[in-house]
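Dear colleague,

Please read the text with the structure open beside it.

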Amino acid sequence: MSIVLDASVWASAVRGATPILLAAFGCLLCAKAGITNLAIDGFITIGCFISVAVVSLTGGNVWLGMLGGIVGTAVYSLIFGLSVIKFKSNHIIASIAMNLLSTGITEFLMAPVFKAQGLYRLANIKKIPPVSLPFLEHVPVLNVLVNNQSIVVLFTIILIFILLYMLRKTKYGLNVIAIGQSAEAAESAGIKSDRVRWSVILLSGAFCGLAGSYLSTIILSEFSVGMVAGRGFTAYTTVVFGAYHPVGVAFASLLFGFADAISIQIELLKPGIATSLVSMVPYILAMVVLTISALSDKLRKTGRLEMKWKQRKQKNQIVH
Amino acid sequence: MESSLWRKRIEGAVRAIGRQLCMMLVAIMIVMGFLAVSGYSPFIVWEGLGRAFTRDLAGTIRWAAPMILSGVAICIPFKAQVYNLGVDGQIYLGAIAATAVALALPSDGSLAGLILVFAAAALAGAAFAMIPAILNLYCNTDIVVTTLLLNFVGEYLTEFMAAEVMRDPEKLTQVNASRTLPESLWLPKLAAFGNSSANVGIYIALVIALFVSFLFFKTTLGYEIKLVGSNAGFARYGGIRSSKVLLKAMALSGAVAGIIGAIEVTATQHRLVAAFNPDIGFDGIVVALLANNNPLGVLISGFFFGGLKNSGNVMERVTEVPNIVTQIIMAIIILTISANVTVRRRKRKKEALSK
C-alpha cells in the first residue's frame with residue numbers, strides 16, 4: 001500500500017506516461033480524422049533512433065537531438081501518408097508494414113551509424129536538467145507530479161489543453177472532426193480533406209518523434225532494439241480508453257505510467273519475482289482496460305446501462 | 001466454352017503472378033539502393049537469393065514450412081475480414097504446449113507421441129486465439145489491438161516458462177531454455193539433403209495448406225468465411241451467424257499457428273528457448289497478401305519468402321549485411337501490394353465510367 005502513495009512512484013508514473021501520451025495525441029488526431037494509425041509504434045522507434053543518432057553526431061546536444069527526432073519522424077510519417085491517403089491502402093495493414101519497416105531500418109542502420117549491434121549507449125550526452133518550479137512547492141499534488149520534471153513533461157501537459165482547445169474551438173480542429181465523421185459531407189462543405197489528413201499524419205509523426213527522443217535521450221540515454229516495447233499499441237489503447245478526449249487520454253496514459261512505475265518498484269523490492277511475469281502486466285492491463293471501455297460502450301449503445309441506472313434510481317426512490 | 005474459361009483463368013493467374021513479381025522487384029530495388037547508401041554492395045541481395053535457391057536449398061525448405069503455415073494462419077481470418085495479428089503469440093503458446101507434452105511423455109512412443117505433441121500445440125494455439133475472438137464477440141473489444149497485445153504476453157510467457165518453470169536444472173548456461181526433448185520426438189530430417197536443417201515440417205505445411213484450400217473452396221465453412229468477409233450484411237440475411245464464423249476462423253488460424261510452434265520446437269530447436277520466434281507471424285501477412293489470401297497461392301509465396309528469409313541468413317553468414325534486410329524487403333512489399341490493389345480498382349472504375 002505504501003508504494004501506491006509514494007511520491008517518487010507518482011513522479012516516475014508521470015515520466016512513464018509522457019511518451020505514451022505524446023504518441024496517443026498523434027493517434028487521437030488521426031482517429032478523429034478517421035485514420036486508424038497503429039504505425040505510431042514504429043514512429044516512436046524511428047524517433048528514438050534519429051534523436052540518438054543526432055545527439056551522438058553533435059557531441060551530446062540533446063536539444064538538437066529532439067529537433068531532429070521531431071522533424072525526421074514527421075518526414076518518415078509521410079510514407080504512411082502516401083500509403084494511406086494517396087494509395088488508399090488498408091490502414092491496419094499499412095500500419096503493420098510501417099512498424100516492420102521501422103524496426104527493420106533502425107536495426108539495420110545500427111551497424112553503419114553507431115558501429116554497434118543491438119544496443120548503443122550515448123557516452124557524451126549532455127542531459128537537460130529538470131525544470132524546478134519553486135512556486136509549486138506548497139501545492140500538494142501538483143508538486144509531486146509536475147515539479148522537477150523534464151521540460152518535455154511540462155510541454156506535454158500544456159499540450160493536453162492546446163489539443164482540447166484546438167479540437168473544440170479552432171477551424172482546423174473542427175475540420176478534422178468533420179472529416180472523421182463524414183469525409184463526403186466535409187468535402188462538399190469545402191474542406192480539403194486530403195490536406196487535413198496529411199496534416200494529422202505529419203503531426204502524429206512529430207509527436208511520436210518527440211516521444212521517441214524523450215524516451216531515448218531524456219529517460220534513458222541509449223538506443224536498443226525493441227526499446228519501444230509496444231508503447232504505440234499501449235498509446236492506442238489509452239486513446240480508446242480515454243474515449244477520444246484529450247483529458248481522458250491523459251488520465252488513461254497516467255494509469256499506464258503508474259503500472260510501469262509500480263512494476264519497477266516490485267522488481268526492486270522483491271527480486272524473487274520473475275521479471276518476465278512483471279513485464280507482462282502492462283499488456284494485460286491494456287487488454288483489461290480496452291475490454292472495459294468497449295463493454296461500457298456496447299452497453300451504452302444497447303441502452304442496458306441506462307436501464308440499470310434507472311432501475312437503481314427507482315429503487316432508491318422507493319426506499320426514500 | 002470450357003477451354004476459353006480455363007484460358008481466361010490461366011491468363012488471370014499469370015497476370016496476377018507477374019504483378020506480384022513486379023512488386024517484389026520494386027521492393028528489392030529499393031533495398032538495393034538502401035544497401036548502396038549504407039556502404040554495402042547492393043548485389044549481395046541477388047547473390048543471397050541465388051544461393052538460397054541453389055546451394056542452400058535446404059535452409060529455404062526449413063524456412064518455407066513456417067512461412068507457408070504462417071501465411072495460411074493469417075489468410076483464414078483475413079478472408080473473413082478479421083485481422084489476426086497475434087500469430088506470433090499463438091506460435092509461442094503452441095511451442096510451450098508442445099514442449100510441455102513432449103517432456104512429460106515416456107520417451108519411447110515415437111509416432112503417437114509426436115501426434116499428441118502436435119495436437120497439444122494446435123489446441124494451445126487455438127485457445128490463445130480464442131481469447132481475442134471471445135472478447136470481441138461478447139465485449140466488442142477491438143480484435144486488432146488485443147491480438148497485437150497478446151503477442152507480447154505470449155513472448156513473456158515463453159520466457160517465463162523457459163526460464164523458471166521448465167528450465168534445465170543441469171545446464172548452468174545463461175540461455176533461458178528448457179530440457180532437450182527426447183530424440184524419439186524430434187521431427188525427422190529430409191534424407192535427400194543429408195545433415196541439414198531441411199525437415200519433414202515442409203510436408204506438414206503442404207498437407208495443411210492443401211487441407212485449408214479444400215476447406216475454402218469445397219466446404220460450407222469456407223463459403224461462410226468468404227461470404228462474411230465479402231458482404232457481412234448479405235451473409236446475415238442468408239442465415240449465417242457471423243459470430244460463429246469468426247470463432248471458427250480464429251480457432252483454425254490459432255491451431256495452424258500452434259503447429260508452427262510445434263514444428264519449431266520438434267524440428268529445429270529441440271527445446272523451448274525464450275524469444276525463439278523471429279516474428280514469423282508478421283511475415284505471414286506478406287505471404288498471405290502476396291498470395292491474395294489464397295491458400296494454394298500461399299504455397300508458392302511461402303516458399304519464396306522461405307527463400308528470402310534463408311537468403312538473409314546466408315548474407316549474414318557470408319558478408320556483414322545483417323539479416324534484418326529481409327524484414328525491410330517484406331515491409332516494402334506489403335506497402336506496395338496493399339497500395340496496388342486500389343490503384344487497379346480505381347482504374348477499372350474509371351474505365352466503367354468512360355463507357
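Just after α11(B), the residue B:N292 takes a positive phi of about 55 degrees. Helices here are DSSP runs of H or I with at least four residues, strands are runs of E with at least two, and both are numbered from the N terminus. Before going on, please note that this is a predicted model, in which local features need pLDDT of at least 70 and side-chain atom pairs count only at pLDDT 80 or more, while totals for chains, interfaces and linings use all residues. Residues are numbered from 1 along each chain as its sequence is written, chains are lettered from A and ligands numbered from 1 in the order in which they are written, and side-chain values use heavy atoms, with hydrogens and water left out.

The helix α11(B) itself is mostly covered, since eleven of its eleven residues are buried, where buried means under 20% relative accessible area, exposed means over 50%, and partly exposed lies in between (1.4 Å probe, protein chains only). Among these buried residues are B:I280, B:F282, B:D283 and B:L290.

B:D283 also takes part in a salt bridge with B:K309, in which the closest N and O atoms are 2.9 Å apart; the term stands for a side-chain nitrogen of Lys or Arg within 4 Å of a carboxyl oxygen of Asp or Glu. Because B:K309 belongs to helix α12 (residues 295–318) of chain B and B:D283 to helix α11 of chain B, the pair ties together parts that are 26 residues apart in sequence. Both B:K309 and B:D283 are buried.

**Salt bridges in chain A**

Over all chains, the count comes to six salt bridges by this rule. One of them joins the side chains of A:R197 and A:D194, with 3.1 Å from N to O. These two residues are three apart in helix α10 (residues 193–219) of chain A, which means that about one helical turn separates them. A:R197 counts as buried, at 19% relative accessibility, whereas A:D194 counts as partly exposed, at 34%.

A further salt bridge is formed by A:R300 with A:D297, where the closest N and O atoms are 3.5 Å apart. A:R300 and A:D297 are three residues apart in helix α13 (residues 275–302) of chain A, so about one helical turn lies between them. Here A:R300 counts as partly exposed at 46% relative accessibility, and A:D297 counts as partly exposed at 31%.

**A buried serine, and chain A as a whole**

A:S213 lies in helix α10 of chain A and is buried, with a relative accessible area of 0%. A polar atom of its side chain lies 3.1 Å from the backbone oxygen of A:L210. Leaving aside residues up to four places away in sequence, A:S213 touches A:G47, A:C48, A:S51, A:G65, A:M66 and A:I218, contact meaning heavy atoms within 4.5 Å.

The secondary structure of chain A comes to 14 helices and two strands, and buried residues make up 51% of its 320 residues. Among contacts in chain A between residues at least 6 apart in sequence, 74% join residues at least 24 apart.

**Where chain B meets chain A**

The contact takes 46 residues from chain B and 43 residues from chain A. The area buried between the two chains is about 3,900 Å², of which carbon and sulfur atoms give 80%; buried area is the accessible area (1.4 Å probe) that two parts lose on being put together, summed over both. Of the area that chain B buries against chain A, B:L149, B:Y156 and B:L335 supply 15%, more than any other three residues.

Between chain B and chain A there are zero salt bridges, but eight residue pairs are in polar contact (both at pLDDT 80 or more). A polar contact is a pair of N or O atoms within 3.5 Å; within protein, one must be able to donate a hydrogen and the other to accept it, and residues adjacent in sequence count only if both atoms are side-chain atoms.

On the side of chain B that touches chain A, the helices that each supply at least two residues include α1 (2–37) and α13 (325–354), and the largest share, 13 residues, comes from α6(B).

With kind regards
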